[in-house]
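Work through the exercises below on helix packing. Try each task before reading its solution.

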Amino acid sequence: MLFTKHKNLIRWIFIGFSFVIISLILWNTYMFFQSFKAEERIKMENWSAAQRDLIKSTNLDGDIGELPLQILQSNTTTPMIMVDLDGNIEHNNLDETKAEDSAYIKDLILDFEKENSPIEIIYDGRVLNTLYYGNSPLLNKLKYYPIAFVLILVLFAGLVYSFYRSTKIATQNKLWSGMAKETAHQIGTPLSSLIGWTEILKIEEVNPDYIQEIEKDISRLETITERFSKIGSVPTLEQANVVKETIDAYDYLKSRSSKLIEFSIDIPNTEVPVLLNTQLYSWTIENLVKNAIDAMKGRGKLSVKIEPSEHHVRIYVSDTGKGLSKNQFNSIFEPGFTTKKRGWGLGLSLARRIIEDFHDGKIKVSHSEIGKGTTMQITLKINKALG
């Protein structure tokens, strides 16, 4: 209970603590890199001092001693280039094949200057040689460790976010299912009572026209109940002609809509076999048509078009309403998003769940322009085995 109450605070404390640890790791890696780089600098200064002793002993015909020779021979990793007063070049720990190219050596000298300040070898008040050196292979690897660490961190954060989002979606789906089942249950009780009262009215010889209208409403309520019961669980898909099912949903709304709406439908002459749950599919078409009518404020042109191809069938619902901006193309499918003053913002969210989760199809905004209208597109797979 205490954890639930303060879970947001605990989450932010955990995020802050993680950020501090990551910052300390990056800082320590950076300091270690700088320390290692300073040690390499000292090593190269010792090497240049040994080189100076070698020059001195050569000029005086003296014995250089073992220590300078050991220092000169000890550098087997740090790449270096030494240039004398006459421009003669000596190098160590470089690729011998590439080192034969003078242009490569000149470019490398410039790179070394950027990485480390050159060291001048001075003897008898004169600069005899200039030593250019780069970072050792180990130092170069260490340089990229923070970048690798950040990349790993980003990947880990992506995995955590993906897990969090999938958990959130799963929770939302459970909520959807629970609400849908409960709604179906709540509607079912008074619906059974209404059916009983209708039978009593028939016995009482009430005007048949009244009873017929009541039965239409009861039939509609039964359809709604069945839809909610199916949205609350995994529905069964059966062979259906998507053309016929689209026409049925279209005709139902056309007969009950304003006469100021100009309806049109463009359908193929052949059947298009698709695995469908007809109740949920008709609900999707009704949601799209109702949204189109609302977008036109009850006046305009509404068209439905079915366009089959070899493997898929596309159903388009177009209106001449107010249109959508591009940044709304995806957000309109989010639960709670609505452009209406009165609305729950659930219609298109339900449509996406029905088409994408239950029918393995796609639903999207095909085209929209502000002030000109919107076209919604449903894509379903054609089941050739049924054709």
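**Exercise 1.** Find the handedness of the crossing of α9 and α10, then describe their packing and contact.

*Solution.* The crossing of α9 and α10 is left-handed (the near helix is turned anticlockwise from the far one by less than a right angle; clockwise would be right-handed). Next, place the helices: α9 spans residues 278-295 and α10 residues 347-358. Their axes lie 9 Å apart, at an angle of about 145°. Axes are lines fitted to C-alpha atoms over the stretch in contact, and angles run from 0 to 180 degrees between N-to-C directions. Now list contacts (heavy atoms within 4.5 Å). The α9 side includes Trp-283 and Leu-288, and the α10 side includes Leu-350 and Phe-358. By class, this contact has ten nonpolar, four polar and no charged residues. Asp, Glu, Lys and Arg count as charged, Ala, Val, Leu, Ile, Met, Phe, Trp, Tyr, Cys and Pro as nonpolar, and the others as polar.

The model is predicted: local features need pLDDT of at least 70, side-chain atom pairs pLDDT 80 or more, while totals for chains, interfaces and linings use all residues. Residues are numbered from 1 along each chain as its sequence is written, and side-chain values use heavy atoms, without hydrogens and water.

**Exercise 2.** How do α8 and α9 pack?

*Solution.* Helix α8 covers residues 242-254. Its axis is 9 Å from that of α9, at about 50°. The crossing of α8 and α9 is right-handed. Among the residues in contact are Glu-245 in α8 and Lys-290 in α9. The classes are seven nonpolar, three polar and three charged.

Conventions: Helices (H or I, at least four residues) and strands (E, at least two) are DSSP runs, numbered from the N terminus.
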